[in-house]
Amino acid sequence: MTQSSLDFRGLQSSNRLKTFGLLAGMGALVWLVVFAAMTYMGKSSAMIVPVAVGFALISVWGSYYFSDSLVITMTGAKIIEREDNPELFNLVEEVCIASGLKLPKVAIVQDNAPNAFATGRNPDHALIAFTTRILEVMDRDELQGVIAHEMSHVANRDTLVSAVAATTAGAIAILSDMLTRMMFFGGMGDRDNRENNQNPIAIVVSLVVLILAPIAALLLKSAISRKRESLADATAVAFTRNPAGLRKALEVLQADSTVVRQKSNAVAHIWIESPLDGKAVSKLFSTHPPLEERIAILRNMESNPLN
Amino acid sequence: MKSTLIIVAVIALLAIWFIASYNKLVRLNISADESFAQIEVQLKRRADLIPNLVETVKGYASHEKTTLDAVITARAKATSATGIADVAAADGQLTTALRGLLAVAESYPDLKASANFLSLQEELSTTENKVAFARQFYNDTIRSLNQAVKTFPSGLFAGIAKVSARAFYEIENAADRNVPNVKF
């Protein structure tokens with residue numbers, strides 16, 4: 001491994017670059033779907049693109065804007081005040097000073113699995129939540145690492161990034177769905193035009209593109225989420241300069257096999273450890289990099305204290 | 001016609017670049033002030049905790065006079081210090097003195113078990129962490145500021161923005177530099 005891939009600053013910029021590349025890939029995929037649709041059904045089919053994008057925008061951006069209150073309802077988190085848990089607030093304040101971020105809202109989820117998440121549309125509306133279990137099993141340093149990881153999501157605006165990814169993936173899904181339906185029900189006006197001068201290979205290829213695009217979009221969305229998790233680990237170390245704390249915390253999560261009760265796919269990406277069973281979800285579709293990989297990267301940072 | 005348009009575009013781009021560089025320097029300078037203020041806030045919190053701590057330790061270990069006096073003198077110095085270099089030096093002394101006091105406390109089981117000391121200990125460790133993070137944040141800000149001032153082209157505007165390179169917050173701390181002494 002080169003030096004630059006070991007220090008947190010290098011890791012931060014490489015993860016940012018990869019997210020950008022993946023989002024660009026999403027954009028290219030949208031373009032490909034539109035192109036395939038026009039090849040298959042003629043120019044007039046392009047007009048359904050704004051409809052699909054509009055649907056996706058409304059559904060995803062509503063949940064983005066109200067992310068804090070929505071996630072509270074979905075996970076059953078209870079917002080707490082300083083006097084409910086002064087030690088936890090002390091730790092959160094420490095990380096806020098280290099990161100220069102505002103103090104977020106703090107919430108507790110009654111759950112027997114150790115886990116935590118962050119949400120909120122921007123650093124001013126941030127919320128971080130912890131399960132009751134994680135507060136029991138982790139010591140001061142480990143919790144500090146977890147809080148730093150969650151505050152990194154706030155600092156890196158990961159709610160926004162995942163909303164952008166979800167919008168594009170959603171638009172692609174709606175688009176492909178509408179187009180495949182239209183194929184079966186006879187399509188639109190340009191039919192004669194198409195039958196006269198279209199290459200049959202192009203038509204088959206565009207059909208395949210339309211069928212595979214939603215899967216590709218889902219893969220890209222998962223890849224973006226994994227990159228944001230790696231980025232949050234690197235940023236957390238930039239805040240605390242203590243890779244050992246987060247590494248030990250991840251080891252605690254690894255040793256604990258309990259999984260957060262509420263297994264909804266929709267909010268899986270927000271937790272620090274994926275609440276979905278690792279075996280049931282293949283690596284390509286998973287929202288988090290494997291814990292062993294994250295622990296190994298943090299260990300590398302511990303043995304190479306460059307900063 | 002076309003060439004005037006190009007000239008206007010170039011001037012506009014230059015103006016945007018100028019404003020962006022100027023604002024970046026001013027912003028960094030302000031956040032350097034803010035992050036120094038944060039260090040002072042946390043140092044004050046720590047100074048406020050010390051009288052209570054000293055009283056508690058006195059109740060159980062009154063003959064540890066030298067250690068207690070070291071903390072009291074260091075606190076007095078820290079509360080009266082002004083200017084980055086002085087504040088940092090006094091901060092370093094107080095940090096070392098406090099570590100000495102907590103090490104002494106280790107040998108008094110009654111003290112360690114007392115409720116008052118336990119709650120003070122959590123307050124002290126979080127305040128120590130906050131002081132340390134505030135220093136780190138300040139030094140990171142100074143690093144970006146100095147980089148912007150000393151490198152081309154952003155450095156061109158340092159004079160106009162009245163922003164100059166600043167000193168890092170460095171504490172004199174023997175314990176951080178030396179390997180711990182092993183006593184037999």
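Visitor: How many helices and how many strands does the secondary structure of chain B come to?
Guide: This is a predicted model. From the N terminus on, the elements of chain B run α-α-α-α-α-α. The count is therefore six helices and zero strands.

Visitor: What radius of gyration does chain B have, against that of a compact globule of 184 residues?
Guide: The C-alpha trace of chain B spans about 90 × 30 × 25 Å along its principal axes. A compact globule of 184 residues would have a radius of gyration near 16 Å. For chain B the value is 24 Å.

Visitor: What share of the residues in chain B is buried?
Guide: A residue counts as buried if 20 or more other C-beta atoms lie within 10 Å of its own. Applied to the 184 residues of chain B, that criterion gives 24%.

Visitor: How far does helix α10 of chain A reach from its first C-alpha to its last?
Guide: Helix α10(A) covers residues 243-255, which is 13 residues. At 1.5 Å a residue, 18 Å is expected, and the helix comes close to that. Its reach is 18 Å.

Visitor: Which helices do the buried residues of α10(A) pack against?
Guide: The buried residues of α10(A) include Leu246(A), Ala249(A), Leu250(A) and Leu253(A). Pro243(A), Gly245(A) and Arg247(A) are buried too. Their packing partners in chain A are α6 (140-155), α9 (200-240) and α11 (291-303).

Visitor: How many nonpolar, polar and charged residues does the contact of α9(A) with α10(A) have?
Guide: From α9(A) come Asp233(A), Ala236(A), Val237(A) and Thr240(A). They meet Pro243(A), Gly245(A) and Leu246(A) in α10(A). By class, the contact has four nonpolar, two polar and one charged residues.

Visitor: How many charged residues does the side of chain A that touches chain B have?
Guide: The contact takes eight residues from chain A and nine residues from chain B. On the side of chain A, two are nonpolar and two are polar. The number of charged residues there is four.

Conventions: Residues numbered from 1 in each chain as written. Chains lettered and ligands numbered in written order. Predicted model: local features only at pLDDT ≥ 70, side-chain atom pairs only at ≥ 80, totals over all residues. Helix = DSSP H or I, 4+ residues; strand = E, 2+ residues; numbered from the N terminus. Expected span 1.5 Å × (residues − 1). Buried ≥ 20, exposed ≤ 12 C-beta atoms within 10 Å, placed from the backbone. Contact = placed C-beta atoms within 7 Å. Rg over C-alpha atoms; globule rule 2.2 N^0.38 Å. Nonpolar A, V, L, I, M, F, W, Y, C, P; charged D, E, K, R; others polar.
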